[in-house]
Protein chains: 2
Amino acid sequence: MALVVQKYGGSSVQNAERIKRVAERIVASRKAGDDVVAVVSAMGDSTDELLDLAAQVSPLPQPRELDMLLTAGERISMALLAMAINNLGYEARSYTGSQAGVITTSVHGKARIIDVTPGRIRSAVDEGAVAIVAGFQGVAQDTKDITTLGRGGSDTTAVALAAALHADVCEIYTDVDGVFTADPRIVADARRLERVTYEEMLELAACGAKVLNLRSVEYARRERMPIHVRSSYSNKPGTIVSGSMEDTDMEQALITGVAHDRSEAKITVLAVPDEPGAAAAIFNTVADAEINIDMIVQNVSTKGTGKTDISFTLPKDDGPTAMAALQRIQAKTGFDGLLYDDHIGKVSLVGAGMRSHPGVAASFFASIGAAGVNIELISTSEIRVSVVTRDTDLDAAVAAVHNAFDLGGEEEAVVYAGTGR
Amino acid sequence: MALVVQKYGGSSVQNAERIKRVAERIVASRKAGDDVVAVVSAMGDSTDELLDLAAQVSPLPQPRELDMLLTAGERISMALLAMAINNLGYEARSYTGSQAGVITTSVHGKARIIDVTPGRIRSAVDEGAVAIVAGFQGVAQDTKDITTLGRGGSDTTAVALAAALHADVCEIYTDVDGVFTADPRIVADARRLERVTYEEMLELAACGAKVLNLRSVEYARRERMPIHVRSSYSNKPGTIVSGSMEDTDMEQALITGVAHDRSEAKITVLAVPDEPGAAAAIFNTVADAEINIDMIVQNVSTKGTGKTDISFTLPKDDGPTAMAALQRIQAKTGFDGLLYDDHIGKVSLVGAGMRSHPGVAASFFASIGAAGVNIELISTSEIRVSVVTRDTDLDAAVAAVHNAFDLGGEEEAVVYAGTGR
């Protein structure tokens, strides 16, 4: 008998009919002899509806109150799921993040999990009940206020809870059949990966693969908790995320897959004085605004001018904040101006075998060039190479790279509705 | 500077526009120098929408999960109200029943408040913030599960919190201008009462006056907490509920008002053996089903038969349960059968002066008779007399009694939308 933590996203519980299907799936696990703890997101569009209400009463809602408001979403879905399971003759009890012992920092809207003390969940499971836990939320250690973990937070809740409960596996149910060599919406013959290492999954998630949230993979890697990515619409085998590159044998594929990302924008700071401290002033300013930047390119100083352009990419959501912060330091730092470009896309090739095959990056650039797509920025890591293109060229670039590295398969990839939080 | 607890029902916060108006009212109290704790119900129809969702996943939802589900309603309204107040430049923080220290029994759906430990609310007020508290909900002392207090529970939350905080007054905002001598929807010249005693208000509430929940008045009486009933749509003076009959002077009006109730049904048990224990068996059965009965009439034993009919009234909602329970004891108790009648109405005349004026009851019966309305059951207390009529005769009976006792006034009564929980 195994202890399984299952996570169901917003699209999996978007209405009563879907909730009843999730209940059947959980009961099937119970019948198979497993103990189940289920982590749920808010129903489908309910988060957007709550945000819309908030906008109607205040242009700039307090983060504390926004968290109080949004956590009503999981409260509704988890109570309904518990009712649906009870209705099938199995006992189920729902718990808020706070009741489940999810202790966080007090940064509303993007709190981080400090500790998980799942005493009540353990008791419920020991008493034979299915425990349903609200994803995405917790309680701040210092203020005792309710917090949310930010986008993808339910994945992190599931992994953290699985680790704290010493579960055998954390199953993440989503709207695709697993992790693919590319987004099946763009590449028709994208192939499902049976198994990927934490490192590969981290790079894929960081590069825009939406199937798993980056923080949840970091958490799973740290705690050595296996993640099983599965579809909530089918019984297909899915993808196991486990093991590190060090453990994998020589037969592992050179390349894992192609990821893409449309969520970033590019800021170019024009004619920055080419002197010590100028770049630091710029990046300190962005960091002080709590914005994570991704790729950075500093051009060679234009001859004789003593000035250089600096470009970097960042989440589109943070664009206005970053622009405002940089405008405030323009006079002091002495740059000429700022350009904002939100029509970019990023294509990344990820593979553990890449580090021992230096030719991979060259083939990657060549395949993009052959597709007639211009490369604007480049960045690399040990097991990844990424480029920025026009957003309109993104699909063509993804398909070209996928084809060039012969990543396709025969298995049909099924794509369902959008993912939740 | 006073500490004021204000309670706003579901219709007062039914949409963003109304929530902003409530925020303005609270800010006006703050500007006038008062500290404010506001208790809110769920927005308008949101409770019914949640109940509808529950019905879609389970025909008989667990009370624990139903409480978890329904408490999402206040979570939404209170967070929005806090945002709206913050947006007006005053600090506000929302708290769940559990966070506000509302400790209850563990009877889901109709928990009773055991204790209120409002440490966080006191701190928020001391720090200059408006505290917004979810009405209708608490946390069970033993199980630590979330509970709800049942219909009208938000009134009780407000009074209990006001008492625990030693507030100066508990203001209940509703959709009428106060407590009236009769329902202004039925009696056009119904007069607003400036002040009523706890005892009078208890009788009015018990007899169907919906402006205040019975349990909240009981709580207020026990704690000697003055209640100020006011309209959330106007700035009219409303009604003060305070003081007991012992304190009132001789000039007090003989009659307080006329209440009516359409929420009851009548069960008649036919041909009950007229012997010791038969009636007890019937009422024990009903009590064991946790049903509160109201009026009871046992007819004189029909000569020679040794059998008698027993009629009693009870809430319509409990009708099916009571009938089923009684059917199960029919054979053993030996009565002939059961009649169920849900087309009854109750008219009550309430007044502290009544106990020293025995002629009042006679005039009451006479006025109803003169209106051509048949009286089916009668019950009396020290300060009240009630009769049951056909439901179709109820409005005529209320108007006739109100007129006979000359209770009308000149002030125009304004009636707004339906009340919340």
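In which helix of chain A does Glu74(A) lie? Glu74(A) lies in helix α3 of chain A, which covers residues 63–87, where helices (H or I, at least four residues) and strands (E, at least two) are DSSP runs, numbered from the N terminus. This is a predicted model, in which local features need pLDDT of at least 70 and side-chain atom pairs count only at pLDDT 80 or more, while totals for chains, interfaces and linings use all residues. Residues are numbered from 1 along each chain as its sequence is written, chains are lettered from A and ligands numbered from 1 in the order in which they are written, and side-chain values use heavy atoms, with hydrogens and water left out.

**Annotated positions**

An unreviewed UniProt entry places the feature "binding site" at Thr47(A) and Glu74(A). UniProt positions are given in the numbering used here, feature names are shortened, and annotations may be inferred rather than shown by experiment. Thr47(A) is found in helix α2 of chain A, residues 46–57. With a relative accessibility of 11%, Thr47(A) counts as buried, and Glu74(A), at 0%, counts as buried too; buried means under 20% relative accessible area, exposed over 50%, and partly exposed in between (1.4 Å probe, protein chains only).

**A sheet in chain B**

In chain B, 4 strands form an open antiparallel sheet in the order β15-β16-β14-β17. At its edges stand β15 (296–298) and β17 (337–341) of chain B, each with a single partner strand, so one side of each is left without a neighbour in the sheet. On average, neighbouring strands of this sheet are turned by 15 degrees against each other, direction ignored; axes are lines fitted to C-alpha atoms, for helices over the stretch in contact, and angles run from 0 to 180 degrees between N-to-C directions. Strands of a sheet pair through backbone hydrogen bonds, either parallel or antiparallel. Here, β15(B) is joined by 3 bridges to the antiparallel strand β16 (residues 307–315) of chain B, and two strands pair if DSSP finds at least two bridges between them. Within this pair, Val297(B) stands opposite Ser311(B) in β16(B).

Helix α8 (residues 278–288) of chain B packs on the sheet and touches β14 (264–273), β15 and β16 of chain B, with its direction at about 20 degrees to that of β16(B); contact means heavy atoms within 4.5 Å. Helix α9 (residues 319–333) of chain B also packs on the sheet, touching β14, β16 and β17 of chain B, and its direction makes about 165 degrees with that of β17(B).

**Salt bridges**

Over all chains, the structure holds 34 salt bridges, each being a side-chain nitrogen of Lys or Arg within 4 Å of a carboxyl oxygen of Asp or Glu. The table gives some examples.

| Pair | N to O distance |
|---|---|
| Arg221(A) and Glu199(A) | 3.2 Å |
| Asp145(B) and Arg64(B) | 3.0 Å |
| Arg230(B) and Glu171(B) | 3.7 Å |

Asp145(B) lies in the loop between β7 (137–140) and β8 (146–148) of chain B and Arg64(B) in helix α3 (residues 63–87) of chain B, so the pair ties together parts that are 81 residues apart in sequence. Both Asp145(B) and Arg64(B) are buried.
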